[in-house]
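My entries follow in the order in which I checked things.

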Amino acid sequence: MSPVTTSRPRRRLVNLSNFPLFRGTSIAVLVGMYLPLLLVVFYSFNQNRLAQIWTGFSFKWYDFVFHNDDILRALKNSLIVAVVATILSTLLALGAALGMLRMARSGRVFAWGLLGAPLLIPEIVLAVGTLGFFLTIKVPLGHVALILAHTAFCIPFALLPIRARLAGLDAAPFEAATDLGANEWQILRRITLPLLAPGILAGALLAFAISLDDFITSFFIAGPGATTLPVYIFGMIRSNVTPAVNALSTLLLIFSATLLLAVYLLNRIRRSD
Amino acid sequence: MTDAHLDIRQVTKTFPTPEGGVVVALDSVDLAIAEGEFFVMLGPSGCGKTSLLRCIAGLEYPDSGEILLDGSRIDDIPAYARPVNTVFQSYALFPHMSVAQNVAFGLEMERLPKNEIKSRVAAALEQVKLTGLDRRKPTQLSGGQQQRVALARALAKQPKVLLLDEPLSALDLKLRRGMQVELKRLQRETGITFVFVTHDQEEAMTMGDRIAVFNEGKIVQVGSPQEIYRRPVNGFVADFIGETNLIKVTVGSGGFIFPGGGVLARELLAEDCEVPAAGECLLAVRPEDFELVDTDAAVVGEVVDVIFTGGLIRLHVRAGDQEIVAALPSHGVVVPAVGDQTRLRPITKAARTVGS
């Protein structure tokens with residue numbers, strides 16, 4: 001490093017931190033975002049049957065969650081649906097992104113709009129529509145219907161990072177591969193997919209998170225045998241709010257935090273490579 | 001020419017513009033390149049030289065015309081099946097592969113046996129002096145090293161023709177000089193035909209066995225560096241290759257009347273150029289081809305600038321309505337000062353007509 005590092009003050013149009021309410025607002029926002037999460041974790045260790053009255057420390061609600069067949073069944077349903085929907089939606093999004101490359105500019109803009117629009121449509125509308133559609137074409141509600149519905153609404157999410165990555169790629173390595181004797185299939189396998197891998201991984205994770213988390217569509221489509229975890233939790237708090245809900249939520253929190261950390265570490269390894 | 005190695009016949013290539021028009025990148029280009037030649041395609045940007053290179057590589061297809069390699073057509077077969085390889089301007093290395101994997105890629109596409117790939121990769125890396133860096137990723141290499149990987153990757157394929165698209169333009173001057181020498185050496189050692197695209201006339205003169213000068217989609221002149229420098233076919237070539245004075249003269253009975261009234265005798269002109277019977281024409285004279293004279297001066301005028309450049313002194317002389325540059329040896333002559341009247345004449349057979 002050079003010994004004469006002169007750090008120029010960063011120019012900003014408006015220095016927000018000078019405003020009188022800046023600090024207070026920031027703290028309030030952060031408290032509002034994270035205090036509920038901390039409360040969930042805190043009360044998950046509550047001994048009392050009533051979630052909001054603290055009487056002592058206990059692991060019993062975790063024990064309850066791990067031994068409750070209904071919860072485990074709902075978790076299994078959620079994971080099956082999320083894994084299958086993630087794989088299908090990521091593959092379809094990848095195919096769409098690669099297919100759009102070959103289209104003329106106007107067609108590409110139209111196709112991208114068509115595939116991206118569901119991101120802006122209220123999910124309740126999609127859910128009602130999906131339910132009506134499945135009833136019309138006589139798809140029985142349950143696992144298959146859930147997987148189909150989740151795959152559909154996950155595609156725009158999986159497509160976002162894949163397309164961003166694709167747009168950032170230089171054409172030159174592809175021309176070089178052709179020049180060196182690679183046909184289209186070999187280019188796809190040896191150049192395109194490895195270069196797109198970070199985008200594909202990000203797309204898959206996003207799709208997985210969206211699917212695992214989904215309530216509205218799942219509530220409409222699940223049917224009796226295929227209750228997913230969010231739908232089951234909704235049922236739990238309707239009857240009564242026990243610390244078991246908090247314990248289950250804490251476990252989900254740990255799971256998603258681990259996933260996030262894994263992606264972060266993976267990216268760091270890739271970059272230092 | 002039937003014995004040409006790479007034969008380009010009447011190749012035309014157009015590109016549509018966003019406004020709905022058409023740009024003619026190549027206009028019925030004919031060119032014959034011999035086997036084992038270091039051939040340079042030179043021209044300003046947008047002159048069509050890169051388009052022709054990409055047509056030979058198969059990255060573009062000509063609208064019409066034929067490209068033949070050793071007598072058989074290659075313009076209709078896809079790029080991946082042509083026995084030619086390219087060194088790209090941006091190097092175009094595969095960022096996710098190591099140096100060795102980059103070089104091996106083309107050989108793996110040919111499904112060569114593993115041990116042959118290994119030995120050819122090692123040989124190619126040795127040729128470009130990169131031995132020992134085979135496990136590095138492209139991002140861990142300097143620009144010059146990346147350039148060498150790109151070169152090794154193309155050479156490992158042992159192509160019949162190696163196409164180089166302004167490969168040195170991203171390197172700094174010193175590195176560039178070194179690579180020019182090394183490319184010449186590689187070409188001699190391998191005997192592969194090199195087709196080298198550049199916009200740098202000095203580079204073209206240094207490297208080319210022959211040079212084709214492109215302008216506006218056409219080849220203006222093909223020849224050895226000496227031919228092109230000494231016998232440019234028109235004002236564009238004379239001006240583009242090296243430095244030249246393009247002087248508008250009037251053809252008179254005694255010779256050529258220069259601006260400012262000086263006269264150059266007809267006998268002093270280069271022998272192999274056309275001279276119009278009367279009227280005006282353009283004379284091309286290199287700055288270093290002027291000498292100071294006492295009598296029979298062609299350029300008579302006032303010195304407006306004197307620049308010392310080491311071995312040569314550059315005089316800017318105003319003759320009539322034109323400024324003429326002469327480069328004289330800095331020793332053994334009495335150099336005029338700014339404001340002096342001076343008399344110059346092109347040395348015998350140095351001035352050429354280049355049309356009007």
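**Entry: B:Glu60 and B:Arg54.** I looked up B:Glu60 and found it buried, at a relative accessible area of 18%. Buried means under 20% relative accessible area, exposed over 50%, and partly exposed in between, with a 1.4 Å probe and protein chains only. B:Glu60 forms a salt bridge with B:Arg54, their closest N and O atoms lying 3.2 Å apart. I count a salt bridge when a side-chain nitrogen of Lys or Arg is within 4 Å of a carboxyl oxygen of Asp or Glu. B:Arg54 also forms a salt bridge with A:Glu175, with 2.6 Å between the closest N and O atoms.

**Ground rules.** I note that this is a predicted model, in which local features need pLDDT of at least 70, side-chain atom pairs count only at pLDDT 80 or more, and totals for chains, interfaces and linings use all residues. Residues are numbered from 1 along each chain as its sequence is written, chains are lettered from A and ligands numbered from 1 in the order in which they are written, and side-chain values use heavy atoms, with hydrogens and water left out.

**Entry: other salt bridges.** My search of the whole structure gave 28 salt bridges over all chains. B:Lys49 forms one with B:Glu166, at 3.6 Å between the closest N and O atoms. That pair links distant parts of the chain, 117 residues apart: B:Lys49 is in helix H1 of chain B, and B:Glu166 is in the loop between S7 (161-165) and H5. Helices (H or I, at least four residues) and strands (E, at least two) are DSSP runs, numbered from the N terminus. B:Lys49 is buried at 3% relative accessibility, and B:Glu166 is buried at 9%.

B:Arg314 and B:Glu243 meet through their side chains in a salt bridge of 2.8 Å, N to O. B:Arg314 lies in strand S17 and B:Glu243 in the loop between H8 (235-240) and S11 (245-251) of chain B, so the pair ties together parts 71 residues apart in sequence. B:Glu243 is partly exposed, at 38%.

Entry: I followed B:Arg314 across to B:Ala327, which stands opposite in S18(B). S17(B) (residues 312-319) and S18(B) run antiparallel and are joined by eight bridges. Strands pair if DSSP finds at least two bridges between them. Six of the eight residues of S18(B) (residues 322-329) are buried, so the strand is largely enclosed by the rest of the structure. The hairpin has two residues between its strands, and B:Gly320 there takes a positive phi near 60°.

**Entry: the interface.** How many residues of chain A are in contact with chain B? I found 17, against 24 residues of chain B; contact means heavy atoms within 4.5 Å. The buried area is about 1900 Å², with 61% from carbon and sulfur atoms. Buried area is the accessible area (1.4 Å probe) that two parts lose on being put together, summed over both. On the chain A side, A:Asp179, A:Leu180 and A:Arg190 lose the most area, together 38% of what that side buries. The rule finds two salt bridges across this interface.

**Entry: H7(A).** Helices H7 (172-179) and H8 (184-213) of chain A each supply at least two residues of the side that touches chain B. H7(A) gives the most, with seven residues. Six of the eight residues of H7(A) are buried, including A:Pro173 and A:Asp179. Among the elements covering them are H8 of chain A and H1 (49-57) of chain B.
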